[in-house]
Amino acid sequence: MASLTRLDKASVTAIKVCMGAKKNENILIITDELKREIGYSLFENAKRLGYKSLLVEMEPGKINGEEPPVQVAKLMQMFNVVLVPTSKSITHTDARRNASKNGVRVATFPGITKEVMIRGMGADYQAIARRSVKLKNILEKRKRVRVTTPAGTDISFDIAGRTAIASKGLFHKKGESGNLPTGETFLAPVEGTAEGIFVVDGSMAGLGLIGNVNIKIEVKNGFAAEITGGRPAKKLREMLNKVGKGARNIAEFGIGTNDSAKLSGILLEDEKVMGTVHIALGNNISMGGTFNVPIHLDGVMKKPTVYLDSKLLMKNGNLLI
């Protein structure tokens, strides 16, 4: 038998370590033509490991947060484990939420590349889990967040009463879900409370790595009011305008906890990079919010300083926990 490739090993880690797939469980892999290589690797390794497996390929989505076809959504509820390497994210969709409610364990790999899969799945997920859960416990005891960065970010918002989600990369219990590769702790800021400016200088979902011109987003009453910064800002405005005002909701605040991740232009990896934070626009219903719109776009910021109720949590990208 041929020796396992690095991609094979990454797929085995996803199935065995991260999903904790058990004997007699069945596995569904959903992919599209742009991510077929990774979809097939997961499928072939799931079969080789002895799991009853099905591979489904659908057309690539147009935007992150778009619902998959209804037939795919139904299939998702019929398996123990669902793995979704696709070009656009279905993390924040009713299809994923309904599968999770039914007890299905779901891992999404939006925008995954072979390089990100190999690098990200090689991380120490036990250490990531401990770090992520510790952050969750800290965030849930605080009421207000302020974030500043050297690029000009200065934004504040309320988090009182919000449940934080530790995306620790170990989805072993019924209904658990998240991204792979992973490593972040995130929550939904209280709607309408965000005020200030956030400057995306790392990467932006749908746009990739930020070049010489940062995207500056002015926030008023919980919504992105003004978005400036050349062509990337224009593209971002166009994506949001197709959906309407709800797309401009300040949906998520997240902190990266994966020390193996690097800024690559693939948002799946970028938002997990240790030493960064991200703020997302659009859908926040998956994390206890009230906006269910078909878009969710994260912007990553470098070297953040984060205050929780005036106490320092991060300084210039260094976590103080």
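## Surroundings of T305

The side chain of T305 reaches the backbone nitrogen of N316 at 3.1 Å. This distance comes from a predicted model. T305 belongs to strand β18, which covers residues 305-308.

T305 has a relative accessible area of 8%. Because the cut-off for a buried residue is under 20%, T305 counts as buried. Apart from neighbours within four places in sequence, the residues in contact with T305 are R146, V147, T148, L312, M314, K315 and N316.

## The five-stranded sheet

Elsewhere in the model, five strands form an open sheet with parallel pairing, in the order β2-β1-β3-β4-β8. The edge positions are held by β2 (52-58) and β8 (177-179). Each of these two strands has a single partner strand, so one side of each has no neighbour in the sheet. From one strand to the next, the twist averages 15 degrees.

Strand β1 spans residues 26-32 and strand β3 spans residues 81-84. Three bridges join them in the parallel sense. For I29, the bridge partner in β3 is L83.

Helix α2, made up of residues 36-48, packs on the sheet and touches β1, β2 and β3.

Terms used. Residues numbered from 1 in each chain as written. Predicted model: local features only at pLDDT ≥ 70, side-chain atom pairs only at ≥ 80, totals over all residues. Heavy atoms only, no water. Pairing = 2+ DSSP bridges. Helix = DSSP H or I, 4+ residues; strand = E, 2+ residues; numbered from the N terminus. Axes fitted to C-alpha atoms, helices over the stretch in contact; angles between N-to-C directions. Contact = heavy atoms within 4.5 Å. Buried < 20%, exposed > 50% of the residue type's maximum accessible area, 1.4 Å probe, protein only. Polar contact = N/O pair within 3.5 Å; in protein donor to acceptor, adjacent residues only side chain to side chain.
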